[in-house]
Amino acid sequence: MAKEKRTDTDAALPEDGVLFRELFETSATGVAIFSIGGRFLRVNPAMCRMLGYGEGELQQKTHLDVIHLDDLEAAAMNRAQIISGKTKSRLAERRYVHKDGSTVWAQVAGAVVRDTSGAPLCTVLFANDVSGLKRAVRSSEQRFRRMVEMSSDWYWVQDEQFHFVEVPGLDHQGDDTDIVLGKARWEIPGLAPLPEKVWEQHRAKLSRHESFSDFMFLRHNKAGELRYLSVSGEPLFDEQGRFRGYHGIGKDITDRARDQKALEDSEERYRMVDAKTLAFLAVNGAAMRLYGYSKEEFLSMTADQIRPQEDVEDLRKAFEDRSRNYRQRVWRHRKKNGELIQVKVISFNLDFDGHAARLGVIHDMTEQLNAEERARETEERYLALLRERQNS
């Protein structure tokens with residue numbers, strides 16, 4: 001008896017669970033499943049790659065934890081309205097914060113999974129990373145103009161592995177070009193200690209083929225002098241869009257970096273503290289504006305005087321660590337007018353004018369924390385209304 005030939009229409013679809021798992025795991029689109037309260041329940045590999053977290057790490061977070069500050073309130077309100085049925089999901093552009101702190105642009109769409117009675121069970125987010133497209137819109141003409149406008153002491157070119165292949169002008173800065181060629185920036189001999197976290201962030205930016213400006217590091221020149229060097233760079237791509245390396249410029253900013261005025265003019269909020277006495281050794285204008293103290297007042301104070309009394313013991317323990325490691329922590333600080341604020345302090349130990357000191361860069365977290373609180377309150381209000389509707 002002849003065997004019947006099967007046709008494409010005879011082929012059975014895989015079971016729903018098998019099909020879902022295959023699509024979920026292999027999709028190039030980021031997919032995340034959330035509880036109605038907004039906590040991550042499941043995340044596919046594409047979403048993990050986009051945000052830089054493992055699935056287990058994301059399951060400890062809510063969607064508000066990874067959304068960019070400027071998009072928080074709009075995202076929370078939109079999600080709550082979709083859950084309540086007041087609006088339908090639509091394609092939108094949204095910014096997220098990668099684990100390394102960089103901004104990720106994504107095109108997103110969502111869906112609400114409901115039971116047979118229409119009650120929401122969970123939500124699903126679909127996200128496509130469009131950060132590369134955002135970067136691609138910068139024309140080569142704009143990049144070239146930027147490079148020309150920046151003053152420089154030397155020019156440099158790197159290959160795809162970030163090894164230097166050209167450094168014209170470097171020999172005029174008291175350096176031999178042959179000890180630089182063929183090496184990556186962090187492999188150059190004579191580098192002074194810099195927190196490993198700083199190098200990690202620089203390497204991460206290069207691996208993402210992003211432009212960078214004024215990356216500063218310290219190096220001893222041929223005469224043994226410690227020099228402060230600042231470099232800026234742009235990625236190079238061929239006509240097919242393939243990455244071919246970097247080119248950029250370098251500046252010796254030793255005189256400026258050694259001048260205290262460089263800190264005074266900075267937009268970052270800096271303060272230098274004596275590691276033993278906790279006395280302020282230096283402070284810049286941005287920090288004075290934040291806290292309300294004059295420079296003279298700051299230099300007559302100690303770091304424990306801008307902390308609540310109950311936090312002073314933790315502060316003293318933190319200063320006992322004299323390693324060169326980069327540190328980051330959120331603290332409570334008190335301004336001159338008595339207002340208590342939460343700040344993120346990024347710091348590392350160094351020598352300053354013969355003192356064992358700690359340099360801290362201060363970021364006021366007030367705006368971010370207030371925005372997060374407003375977003376959570378908005379979401380809670382809509383979810384409460386939704387529960388009232390379901391119970392009525």
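Trainee: Is Trp156 buried or exposed?
Mentor: Trp156 counts as buried because its relative accessibility is 0%. Buried means under 20% relative accessible area and exposed over 50%, with partly exposed in between (1.4 Å probe, protein chains only).

Trainee: What should I know about the model itself?
Mentor: This is a predicted model, in which local features need pLDDT of at least 70 and side-chain atom pairs count only at pLDDT 80 or more, while totals for chains, interfaces and linings use all residues. Residues are numbered from 1 along each chain as its sequence is written, and side-chain values use heavy atoms, with hydrogens and water left out.

Trainee: Back to the rings. How many aromatic pairs does the structure hold?
Mentor: The structure holds 14 aromatic pairs. Rings of Phe, Tyr and Trp (its six-membered ring) pair if their centres lie within 6.5 Å; planes under 30 degrees apart count as stacked, over 60 as edge-to-face and the rest as tilted.

Trainee: Which geometry do Trp156 and Phe164 adopt?
Mentor: Trp156 and Phe164 form an edge-to-face pair, at 6.0 Å centre to centre and with 80° between the planes. Phe164 is buried, with a relative accessible area of 6%.

Trainee: And why is the pair of Trp156 and Phe212 classed as it is?
Mentor: That pair is stacked, because the ring centres of Trp156 and Phe212 are 6.2 Å apart and their planes lie at 20°. The pair links distant parts of the chain: Trp156 is in strand E6 (residues 154–158) and Phe212 in strand E8 (residues 212–220), 56 residues apart. Helices (H or I, at least four residues) and strands (E, at least two) are DSSP runs, numbered from the N terminus. Both Trp156 and Phe212 are buried.

Trainee: Which residues make up the cluster?
Mentor: Ring pairs join Trp156, Phe162, Phe164, Phe212, Phe237, Phe243 and Tyr246 into a cluster.

Trainee: Which charged residue sits over the ring of Trp156?
Mentor: The charged end of Arg185 does, 4.7 Å from the ring centre. The criterion is that NZ of Lys or CZ of Arg is within 6 Å of the ring centre and within 35 degrees of the ring normal. Arg307 likewise lies over the face of Trp331, at 5.2 Å from the ring centre.

Trainee: New topic: where does Asn44 lie?
Mentor: Asn44 lies in the loop between strand E2 (40–43) and helix H2 (45–51). Asn44 counts as buried, at 0% relative accessibility. A polar atom of its side chain lies 3.0 Å from the backbone oxygen of Thr29.

Trainee: What does Asn44 touch?
Mentor: Leaving aside residues up to four places away in sequence, Asn44 touches Phe24, Ser27, Thr29, Gly30 and Val31. Contact means heavy atoms within 4.5 Å.

Trainee: What about Ala46?
Mentor: Ala46 lies in helix H2 and is buried, with a relative accessible area of 9%. With the same exclusion of residues up to four places away, Ala46 touches Ser27, Ala28, Thr29 and Gly30. Ala46 and Asp129 are 83 residues apart in sequence and 9.4 Å apart in space, C-alpha to C-alpha.

Trainee: Finally, which residues of helix H12 are buried?
Mentor: In H12 (residues 312–319), Val312, Leu315 and Phe319 are buried. Seen down the axis of H12, its buried residues fall within an arc of 55°, so they line one face of the helix. The arc is that of the directions from the helix axis to the C-beta atoms.

Conventions: A polar contact is a pair of N or O atoms within 3.5 Å; within protein, one must be able to donate a hydrogen and the other to accept it, and residues adjacent in sequence count only if both atoms are side-chain atoms.
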